[in-house]
Amino acid sequence: MKPAEINIKWAALQERIAEEFDNEKPDMKVILFLIGVQELGQGPRKFSKRQKEELMHIANCKLFSQMGFYELEGLDQDGWPHWKLVKTIPNYTLLEQELLLKSLAITYFETELDWEL
């Protein structure tokens, strides 16, 4: 996707999530948190600050697995997924990182949740 297309679909994704949750437009952290909760697969509940950070890490691993950087190792005794880095992630500029994460999140919602953006 080109940057312009990414930004258009990102805005559509933010709008869709805002409508689904009857809330304001989410930023990247909120979207990563939602992906993490989805990947955990235990439904919505209260999470500690540490668990929220772990959920965002799970989301990053899941997103970067689309590019072959991470592989799922398995689940721990509590059902939390654990990932291993299998390929070094290049040093992207901040703008490249932002566009890449947006693009991967868009792909996630389109493929994993079958959303049309």
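Which residues in α3 meet which residues in α4? The legends below take up this contact and others.

**View 1. The whole protein chain, a predicted model.** Local features need pLDDT of at least 70, side-chain atom pairs count only at pLDDT 80 or more, and totals for chains, interfaces and linings use all residues. Residues are numbered from 1 along each chain as its sequence is written, and side-chain values use heavy atoms, leaving out hydrogens and water. The protein chain holds four helices and two strands. Helices (H or I, at least four residues) and strands (E, at least two) are DSSP runs, numbered from the N terminus. Read from that end, the order is α-α-α-β-β-α. The C-alpha atoms fill a box of roughly 40 × 35 × 25 Å along the principal axes. Buried residues (under 20% relative accessible area; exposed is over 50%, partly exposed in between; 1.4 Å probe, protein chains only) make up 35% of the 117 residues. Contact means heavy atoms within 4.5 Å. Of the contacts with a separation of 6 or more, 50% join residues 24 or more positions apart.

**View 2. Helix α3 against helix α4.** N60, K62, L63 and F64 of α3 meet L100, L101, L104, A105 and Y108 of α4. The axes of α3 (residues 49-65) and α4 come within 9 Å and cross at roughly 85 degrees. Axes are lines fitted to C-alpha atoms, for helices over the stretch in contact, with angles from 0 to 180 degrees between N-to-C directions. The two helices are therefore roughly perpendicular. Angles under 35 degrees count as roughly parallel, over 145 as roughly antiparallel, 65 to 115 as roughly perpendicular and the rest as oblique. By class, this contact has seven nonpolar, one polar and one charged residues. Ala, Val, Leu, Ile, Met, Phe, Trp, Tyr, Cys and Pro count as nonpolar; Asp, Glu, Lys and Arg as charged; the others, Gly among them, as polar.

**View 3. Helix α2 against helix α4.** The axes of α2 (residues 28-40) and α4 come within 11 Å and cross at roughly 40 degrees. That makes α2 oblique to α4. The crossing is left-handed: the near helix is turned anticlockwise from the far one by less than a right angle (clockwise would be right-handed). From α2 come M28, I31, I35, Q38 and E39; from α4 come E98, L101, K102, A105, Y108 and F109. This contact has seven nonpolar, one polar and three charged residues.

**View 4. K102 and S103 in helix α4.** Helix α4 spans residues 94-111. K102 is buried at 10% relative accessibility. K102 touches I6, N7, W10 and M28, leaving aside neighbours within four places in sequence. S103 is buried too, with a relative accessible area of 15%. Not counting residues up to four places away, S103 touches M1 and I6.

**View 5. D22 and D114, with positive phi.** Most residues other than glycine have a negative phi. D22 has a phi near 50 degrees. D22 sits in the loop between α1 (3-20) and α2, exposed at 73% relative accessible area. D114 has a phi of about 60 degrees. D114 lies in the segment after α4 and counts as exposed at 67%.
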